[in-house]
Number of protein chains: 2
Amino acid sequence: MARTTGSDGGRTEAAVREAAVNLIARYGYEAMSMRQLAAEVGVQAAALYRYFPTKEDLLFTLMRDHMQGLREAWEHSRPAGADPARQLAAYVRNHIAFHIERRHATHVSNMELRSLSPDRLTQILRMRTAYEKELRAVLRDGVEAGIFNIEDTGLTAMALIQMMTGVIVWFRPGERLSLAEVTATYLSMTMRLVGANIGVGTGEERHVHEHAQLRA
Amino acid sequence: MARTTGSDGGRTEAAVREAAVNLIARYGYEAMSMRQLAAEVGVQAAALYRYFPTKEDLLFTLMRDHMQGLREAWEHSRPAGADPARQLAAYVRNHIAFHIERRHATHVSNMELRSLSPDRLTQILRMRTAYEKELRAVLRDGVEAGIFNIEDTGLTAMALIQMMTGVIVWFRPGERLSLAEVTATYLSMTMRLVGANIGVGTGEERHVHEHAQLRA
DNA sequence: AGAATAATAAAACAAACGTTCAATTAATTC
DNA sequence: GAATTAATTGAACGTTTGTTTTATTATTCT
């Protein structure tokens, strides 16, 4: 047999991407075979090579698109011209929302870096560094404006990102806490971490506090 | 050929463990072949099976020993009977020191969980959960004693652990900051995060502040 | 309707995989 | 010094891997 009725390149490629993200997140890039992926899509392994020349190309494409999506999400959600506290709050909200919406893709982008060739690894890391740089800039602005009290901007940025990204490890929708509650708590922890004056800028603090009271 | 002169089971096994940790951390468990590991040790692949019946047994052994080491390190360094702030400081110091001393083993234990069989995965996760529980207990004690101000103990514990473990991702000895400086800064961030009264308990705050001044 | 193109299947490739087995030599025990 | 045990080699096993090639069918274009 050959071309099947109703087959469509666009749909197949999208199906391959989605299945690949799920399989790689679950079993790992090396552990996922092209045949396994093809079977998940409902196609023969050879068909995959019409869309991605090699297995590594597939991985790289997934990662690149994920990082580009993250940068675009931040650019769309950042409140231009707002004070640093609001900017930081927007960064935290965007980061958590984006990563929870795409848990599997995030897992892939964070865990499978070592399967990339050196130059592709560099490309992805560059995108990640650029994104982290945005956070450092916000923190610096806040320090210069006297709103934040931070010992080491670089360290604080890394700590914040690790803390926020860590949410995807344990958060499961529909369990004890809602996404809104988790986000609120992380916002409050973030503001403590950067030494922001409580009640300044985010418009979230009272709200957070009420939730805290309910859970106490 | 067969047994080589000067060969020793104990030494070989130790060499296998060490090489395996390094190779798995660098290339991933699935990507590391038994032949590659054997070559690193300077032995034929078949020789590995004298010490570990399967590749997965090797992985599991590495992880189990790492988690046991972590628990033992905490038990030895915990200041029994001290106030919660000192306990928390000890937890942070031990966690960071242990994980930086064994960056590769930590990487393996955190990244290769999905390569374990279900029951072995459960065993490792149980050990990890028990360790995290210790932190939650310290936080709870601090809240009850009125020393800490925490919205959600569980969330704060996870945030702290992610934040601390994240150090191994970017920290490299001999770069901008020393381990002591990093630890001091993380201690201070931890105390902010749990809402500890500044200057209480840890005996580190003034020291931290001096470093901050130097870097500013 | 016929020609061109897009999408797939089926089969095959060499290479690499984890693992096993029998043979062989070094060290230890008696 | 002979017998036993410990440590390792070298070769082989059957699978599975990513990928390529060729053929075949569905769709689109003229």
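Predicted model: local features only at pLDDT ≥ 70, side-chain atom pairs only at ≥ 80, totals over all residues.
Local features need pLDDT of at least 70 and side-chain atom pairs count only at pLDDT 80 or more, while totals for chains, interfaces and linings use all residues; side-chain values use heavy atoms, with hydrogens and water left out. Residues are numbered from 1 along each chain as its sequence is written, and chains are lettered from A in the order in which they are written.

The interface was examined through contacts, defined as heavy atoms within 4.5 Å. In chain B, 39 residues are in contact with 39 residues of chain A. The buried area between the two chains is about 3,300 Å². This area is the accessible area (1.4 Å probe) lost on putting two parts together, summed over both. Carbon and sulfur atoms give 56% of it. B:Arg114, B:Glu151 and B:Arg192 supply 26% of the area that chain B buries against chain A, more than any other three residues.

Four salt bridges are counted between chain B and chain A. The criterion is a side-chain nitrogen of Lys or Arg within 4 Å of a carboxyl oxygen of Asp or Glu. B:Arg176 and A:Asp152 form a salt bridge through their side chains, at 3.0 Å from N to O. The side of chain B that touches chain A draws at least two residues from each of helix 1 (9-27), helix 6 (103-111), helix 8 (153-165), helix 9 (167-170), helix 10 (179-193) and helix 11 (205-215). Helices are DSSP runs (H or I, at least four residues), numbered from the N terminus. By residue class, this side of chain B holds 20 nonpolar, 10 polar and nine charged residues. Asp, Glu, Lys and Arg count as charged; Ala, Val, Leu, Ile, Met, Phe, Trp, Tyr, Cys and Pro count as nonpolar; the others, Gly among them, are polar.

Two cavities of 30 Å³ or more are present. A cavity is a set of points on a 1 Å grid, over the protein atoms alone, where a 1.4 Å probe fits but cannot get out; lining residues have an atom within 4 Å of a point. Points are joined across faces, edges and corners, and the volume is the space filled by probe spheres set on them.

The largest cavity has a volume of about 100 Å³. Its lining has 16 residues, with A:Glu112, A:Arg114, B:Glu30, B:Glu112 and B:Arg114 nearest the centre. Six lining residues are nonpolar, four polar and six charged.

The second largest cavity has a volume of about 40 Å³. Its lining includes A:Arg192, B:Glu151 and B:Asp152. Helix 10 (residues 179-193) of chain A gives the largest share, four residues.

Conventions
1 Å grid on protein atoms, 1.4 Å probe; cavity = no way out; pocket = protein on both sides within 12 Å on 5 of 7 lines; lining within 4 Å.
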